[in-house]
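Keep the 3D view open and click along as you read.

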Amino acid sequence: MRRIDVALGERGYPVLIGPGARHRLTRVLADLGARKVAVVTARPQKWLPRTGLETLVVHAEDGEGGKSLARVEEWCRRFAAWGLSRADAVVSCGGGTTTDAVGLAAALYHRGVPVVHLPTSLLAQVDASVGGKTAVNLPEGKNLVGTYWQPRAVLCDTEYLATLPPRERVNGYGEIARCHFIGAGDLRGLPLEEQIAASVARKASVVAADERDTGLRHILNYGHTLGHALERATDFRLRHGEAVAIGTVFAGRLAGALGRIGPDRAAEHHDVVAHYGLPTALPPEVSPTALLALMRLDKKATTGLSFVLDGPRGAELVRDVPEHVVAEVLDTMPRAAAKDA
């Protein structure tokens, strides 16, 4: 069992990675002193470990459709009807959309109750469950309503990953691929558990240095500006990791167009993404104009378009990138064949 600590003082917590990690839940809840627990799960109840406490099981549904304020209200009302208090705890069990939304419900209910995450997808284990960002979507954009609420523990049980369909497993590599360009090193060829641990360790170090996204933490959004736009433009037909993968290829091309990196480093973005079997080309039906409009809604955009880009000092947030340069790079991006879209 690998343990990585997110060093945030009193708000710090362990991330446990390995087969059977979910069975540590009983001890985690006991250490919290919780009297009872609400488990919000997008997975079959048989997947849930014992809690050792009086337990309310609330069913959820993974996917962007479940990341809504209406769903958070529904869960909080279930908590209230059951009598959940600040002395108790909430557990999430599911993919990244579930950890995001359940984390927000825990942050809001009684102005904050302890939450423990049991991420069951590769995407959630390497990224979404760690760092304390919680959010739901609005029709106007992804993750526009949220707050910071650190979990008390994250239990990344790699046995869950054996249940993933092939596309969902590859989807998780989108976040691993982008770690290559934000300081995690080259993770290609490592065993999956080591790839997860290296990705989590890099995120933990960034979060410890910048918990509330005022500077360094922006680098975790590598590939996400275009990625989020692609998710919305395809009505979430492209999954998050797939969209981030394409966004990572685009980030390399944009950094090259701005003279921040050379051709070889720009090409490396494509090579790393392709290595993991992820898409590297834009969907055929999405127009650059539509993507530009969506990227203007990105949370990092203040006075103009902003992207996290590679450069001489490594990855960093670059503000006010000229729209005509972004449009030109989008125009030169390869397009997937219609049958593969």
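## A leucine on a strand

Start with Leu144, which you'll find in strand β8 (residues 141-148). Helices and strands here are DSSP runs, numbered from the N terminus: a helix (H or I) has at least four residues, and a strand (E) at least two. Leu144 is partly exposed, at 35% relative accessible area. On this scale buried means under 20%, exposed means over 50%, and partly exposed is in between (1.4 Å probe, protein chains only).

Together with Leu69 and Leu138, Leu144 makes a nonpolar surface patch of about 220 Å². Patches are made of residues with over 30% relative accessible area and no salt bridge; like charges are joined within 9 Å, and nonpolar side chains (Val, Leu, Ile, Met, Phe, Trp, Tyr) within 5 Å. The areas come from the Shrake-Rupley method with a 1.4 Å probe, and for residues only the protein chains shown count as cover.

## Before you go on

This is a predicted model, so local features need pLDDT of at least 70 and side-chain atom pairs count only at pLDDT 80 or more, while totals for chains, interfaces and linings use all residues. Residues are numbered from 1 along each chain as its sequence is written, and side-chain values use heavy atoms, with hydrogens and water left out.

## Inside the cores

Which residues touch the most other members of the largest nonpolar core? They are Met295 and Val326, in a core of 67 residues. The largest share of this core, eight residues, comes from α8. Apart from it lies another core, of 22 residues, with Leu56, Cys76, Trp82 and Val102 among them. A nonpolar core is a set of buried Ala, Val, Leu, Ile, Met, Phe, Trp, Tyr and Cys residues joined through side-chain atoms within 4.5 Å.

Now zoom in on Val326. Leaving out residues up to four places away in sequence, Val326 touches Phe250, Leu254, Leu292, Met295, Leu305, Phe307 and Val321. A contact means heavy atoms within 4.5 Å.

## Opposites that pair up

Side chains of opposite charge can pair when their charged atoms come close. How many salt bridges does a search of the whole structure find? The search turns up 26. A salt bridge is a side-chain nitrogen of Lys or Arg within 4 Å of a carboxyl oxygen of Asp or Glu.

Take Glu193 and Arg2, whose closest N and O atoms are 3.5 Å apart in their salt bridge. This pair links distant parts of the chain, with Glu193 in helix α6 and Arg2 in strand β1 (residues 2-6), 191 residues apart. Glu193 is partly exposed at 26% relative accessible area, and Arg2 is partly exposed at 35%. Another salt bridge joins the side chains of Glu323 and Arg296 (2.9 Å, N to O). Glu323 lies in helix α11 (residues 323-332) and Arg296 in the loop between α10 (288-295) and β10 (307-309), so the pair ties together parts 27 residues apart in sequence. Glu323 counts as partly exposed at 33% relative accessibility, and Arg296 is partly exposed at 44%.

## Arg260, tucked into a loop

Is Arg260 buried or exposed? Arg260 is buried, with a relative accessible area of 18%. You'll spot Arg260 in the loop between α8 (240-257) and α9 (263-275). Beyond residues up to four places away in sequence, its contacts include Ala255, Leu309, Pro312 and Val318.

Arg260 also forms a salt bridge with Glu316, the closest N and O atoms being 2.8 Å apart. Glu316 is in strand β11 (residues 316-318), 56 residues from Arg260 in the chain.

Lys203 sits in helix α6 (residues 192-209) and counts as buried, at 8% relative accessibility. Not counting residues up to four places away in sequence, Lys203 touches Asp127, Val130, Gly131, Arg217 and Leu220. A polar atom of the Lys203 side chain lies 2.8 Å from the backbone oxygen of Val130.

Ala184 is 19 residues from Lys203 along the chain, and their C-alpha atoms are separated by 8.8 Å.

## One more helix

Finish at Arg169 in helix α5 (residues 166-179). Arg169 counts as partly exposed, at 32% relative accessibility. Leaving out residues up to four places away in sequence, Arg169 touches Leu122, Leu161, Leu164 and Leu192. Arg169 and Glu10 are 159 residues apart in sequence and 34 Å apart in space, C-alpha to C-alpha.

Definitions and conventions:
A polar contact is a pair of N or O atoms within 3.5 Å; within protein, one must be able to donate a hydrogen and the other to accept it, and residues adjacent in sequence count only if both atoms are side-chain atoms.
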